[in-house]
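Welcome! Here is a short briefing to read alongside the structure.

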There are 2 protein chains.
Amino acid sequence: MTIAIQRLSTVDTDFSAKLKTLLAFEAAADDNIERTVAAILADVKTRGDAAVVDYSNRFDRLSAASMADLELSRDELEKALAGLPAERRAALEAAAGRVRAYHEMQRLDGWSYTEADGTLLGQMITPLDRVGLYVPGGKAAYPSSVLMNAIPAKVAGVKELIMVVPTPGGEHNQLVLAAACLAGVDRVFTIGGAQAVGALAYGTESVPQVDKIVGPGNAYVATAKRRVFGIVGIDMVAGPSEILVVSDGTGNPDWVAMDLFSQAEHDELAQSILICTDAAFIERVQASIEKLLPTMPRQEVIRTSLSNRGAFILVRDMDEAIAIANRVAPEHLELALDNPDPWVEKIHHAGAIFIGHYTSESLGDYCAGPNHVLPTSGSARFSSPLGVYDFQKRTSLIKVSPAGAQTLGRIASTLAHGEGLPAHAKSAEFRLAD
Amino acid sequence: MTIAIQRLSTVDTDFSAKLKTLLAFEAAADDNIERTVAAILADVKTRGDAAVVDYSNRFDRLSAASMADLELSRDELEKALAGLPAERRAALEAAAGRVRAYHEMQRLDGWSYTEADGTLLGQMITPLDRVGLYVPGGKAAYPSSVLMNAIPAKVAGVKELIMVVPTPGGEHNQLVLAAACLAGVDRVFTIGGAQAVGALAYGTESVPQVDKIVGPGNAYVATAKRRVFGIVGIDMVAGPSEILVVSDGTGNPDWVAMDLFSQAEHDELAQSILICTDAAFIERVQASIEKLLPTMPRQEVIRTSLSNRGAFILVRDMDEAIAIANRVAPEHLELALDNPDPWVEKIHHAGAIFIGHYTSESLGDYCAGPNHVLPTSGSARFSSPLGVYDFQKRTSLIKVSPAGAQTLGRIASTLAHGEGLPAHAKSAEFRLAD
């Protein structure tokens, strides 16, 4: 019944190296997947609908005659929503409402200013025209992910949001379709894999070309997204999910244990780490894990994840704990502390911070309001949660007055000559009134 | 002496297909470059400094004994700045000041709100810790690019900005070093190519690992950046530069011709397009081109670019012109109109808009204030100019009150059960006071 979870301590002489090993994760590049995806994308680009129908029939065991068989009507989405049990529908609606309210705060606004000589400078904000949302089929199809990807796009003002979701064996996930309905998805195609990514990126006779593709997927989908990046925008390619709980020994060890489980139950590669200033509390969490694990339906996944990638890290004090958290730059950071507030601003790198004992990560996953699509594998060092800003873009505005052109023209001319670009210089000089 | 520039008109029956062909540009994937870059990156990752020194000696014809020979001191940067001719230094300082002032407006601020039950939700903004700036060597080394990449990073609060710039044959570009000095670059290594990208992405004994790499480079650099994306952040990989001038026949045809030249002189692949409502004005611009081209030092590059990729597009009215501009989503859009203001907000996709006759693109390239690193090849449909926001990131803040945990816990539990994630449900349920 015992479960061995790796123990690290900052007093270990090789702590830094051990931590590095613990965090190491590199998605293996797979040449076979690369080749398969390249071939599918090229085929979809050339043959359009016909290729997408072929691959969908083959990979998802369907018998579609044309793309028309692979599009769902608005009516089917409405039916899925109407068919939900009342409690589930209420929960989904409450979650959607809260997610929408939070994301409304993220909308970017344009600005401009006018200088003394009449020159105007500014920044204009516009939404993307059309976005593709990839939703995985089968067991990884999460209605909450539909809400988290679709709502920010709609809040941003995206005119057309096109969802693709494979239906292996023809099975539709009603909760996913209900979420799509609630979130305002405009069209749904029951296609998946690299062929769906190709259809969205290049456009086909039936599937309109989009400007950006978001949403999680398997290795084929991730590879396809990387390959079409540049033709369309993409979101981050996510790694395994992780949680880092920082504890000072206050709070309930059962709660901490279950929070570690909630990450570990996602899949065997998920990573759950507890950093604690209190050795005795680590033992209590270990005991809670032993006690609670047998009650969990997904105990085998949890056990594998915790044994292979989980860890307890004992630290001397909270400053050390925070320094390690910043080094890890975790996707989810729980500050399981009685007095968490002073520590929040010391965190420089994290996808989301769950502050205080009552803020379990799961509340954030579903309904607190912030997005659950967060930077993984330390990429919080340089990237942000998915947000409305991912569906808006900026355009610089420059309106130089005749007077401004005199000042700026001289500067530009000097610098252009310095760079050996005489037409740039001349173009500025033409505007000089001599 | 005549130069044949492609003519399109919206009255052509095949206009849409012709426009598509005109805009088509796909960077050829080159397997040799991919293999070479993969090998260099792997070697730098394994051998660190030694590998970087080897490649630098080989590719840049140097004889460095160690990385110490490939780092420039702050003193050398100061000397480069002090050594500039007074006019050039003044121009560089004026440009830097204006770029800084504009970018100060872009800084993101955090926010939060507290709900009735005491639950706090928000978004915290933090700068990246360390950024790498790639600057090409040789003829494409532009001091203005150093300002445009470095200043937003510094305005964002990036603590350490590390520049890499190859010095083929050991030759230092003094204007580039002076710009680095002015912009506040912290360290400079005279290394380039895939080896420099690898050093920044993985870190070596001498080169610290960065969180993001920005800046332009050749095909090897672009390939290397794509490959390290995920380990570090990268900026957009830029395609050839383009300008789209929208004219209603007002203004000076010489000015328009020179603005088209200023784009075309960058390289043979650059694209200059004029959209005009007035057929007679197009002829006047053609005449200006014939007249002015022989006076240009870079006339061969300009001629090739205009002949191969340039175009004049005749449209029926301004609405058509704007619709085409939105379809092109140009990097640079000039509204060469007497009354441009009403048209600005009808533009949905452009990197930067240069408004009115006095706003030549070259003023924006150097010193108006906005960034000259802009989305190319139609990617303004989904991305933005380089900005301070590229060096800042967001962290979601969630602090659920004990009362809030009751409401949110029930919603989360219902949805988690719906998704088959019982530990998520339990973790929410543990916070319920029953």
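In this predicted model, helix α5 (residues 86-104) of chain B packs against helix α6 (residues 143-156) of chain B at an angle of about 35°. Their axes lie 10 Å apart. The notes below start with this helix pair and then turn to the interface of chain A and chain B.

**The helix pair in chain B**
- The crossing in which α5(B) passes α6(B) is right-handed.
- From α5(B), the residues in contact are B:Leu92, B:Ala95, B:Ala96, B:Val99, B:Arg100, B:His103 and B:Glu104.
- Facing them in α6(B) are B:Pro143, B:Leu147, B:Met148, B:Ile151, B:Pro152 and B:Val155.
- By type, the residues of this contact comprise 10 nonpolar, 1 polar and 2 charged.

**Where chain A meets chain B**
- On chain A, 114 residues are in contact with 114 residues of chain B.
- Between them the two chains bury about 10,300 Å², and carbon and sulfur atoms give 62% of that area.
- Within chain A, the residues that lose the most area to chain B are A:Tyr366, A:Ile398 and A:Arg431, which together account for 8% of what that side buries.

- A salt bridge joins the side chains of B:Arg98 and A:Glu115, at 2.8 Å from N to O.
- Helix α16 (residues 402-418) of chain A gives the most to the side that touches chain B, namely 11 residues.
- That side of chain A divides into 61 nonpolar, 29 polar and 24 charged residues.

Notes
Residues numbered from 1 in each chain as written. Chains lettered and ligands numbered in written order. Predicted model: local features only at pLDDT ≥ 70, side-chain atom pairs only at ≥ 80, totals over all residues. Heavy atoms only, no water. Axes fitted to C-alpha atoms, helices over the stretch in contact; angles between N-to-C directions. Helix = DSSP H or I, 4+ residues; strand = E, 2+ residues; numbered from the N terminus. Left-handed = near helix turned anticlockwise from the far one by under 90°. Contact = heavy atoms within 4.5 Å. Nonpolar A, V, L, I, M, F, W, Y, C, P; charged D, E, K, R; others polar. Buried area = accessible area lost by both parts, 1.4 Å probe. Salt bridge = Lys/Arg side-chain N within 4 Å of Asp/Glu carboxyl O.
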